[in-house]
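Hi,

Here is the structure I promised to pass on. Have a look at it first, and then read my notes below.

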Amino acid sequence: MKPKDIVLEFYKSDVLLDRKTVSELLHPEVSMDWNSSQGFIQMNYDDFLSLTDQLAKAYVRSKIRISHIIQEKNLVSIRFSHFVKTIENPREEMLMGNFFAIWEVKDGKLFRGYQMSHFS
């Protein structure tokens, strides 16, 4: 699978709510530097799985709308908006935030990420 396809698989609808799929797409040594409106966060493999568990408890649906995706060798840049539906109100789609990420793919898995986000 091409690096772009691996990134696209990670951002498919509802994947971020599925621990098994997320774990299969992440390199065991994955690392992400995330600059959010809440501050700087550094995440590893276990942090991603913990985030997935938290999202799955709070939301019944997760949808990613990609506006841009560019691949250069093993680096993939992606710009997207993340929408969710809550357990309390599953009919209403809510914008969680707007994101820009750069992923390095290694051994067919997401290895090193850099992300910026603005939450709504």
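**What turned up**

Asp-14 sits in the loop that links α1 (3–10) to α2 (19–25); helices (H or I, at least four residues) and strands (E, at least two) are DSSP runs, numbered from the N terminus. Bear in mind that this is a predicted model, where local features need pLDDT of at least 70, side-chain atom pairs count only at pLDDT 80 or more, and totals for chains, interfaces and linings use all residues. Residues are numbered from 1 along each chain as its sequence is written, and side-chain values use heavy atoms, with hydrogens and water left out.

Asp-107, in the loop between β5 (93–106) and β6 (109–119), is not a glycine either and has a positive phi of about 55°.

Then there's the largest pocket, with a volume of about 440 Å³. (A pocket is an open set of points on a 1 Å grid over the protein atoms alone, where a 1.4 Å probe fits, with protein on both sides within 12 Å along at least five of seven lines; lining residues have an atom within 4 Å of a point. The volume is the space filled by probe spheres set on the points, which are joined across faces, edges and corners.)

Which residues lie nearest its centre? They are Trp-34, Leu-51, Leu-55, Met-96 and Phe-99, out of 23 lining residues. The largest share of the lining, 5 residues, comes from α3.

Cheers
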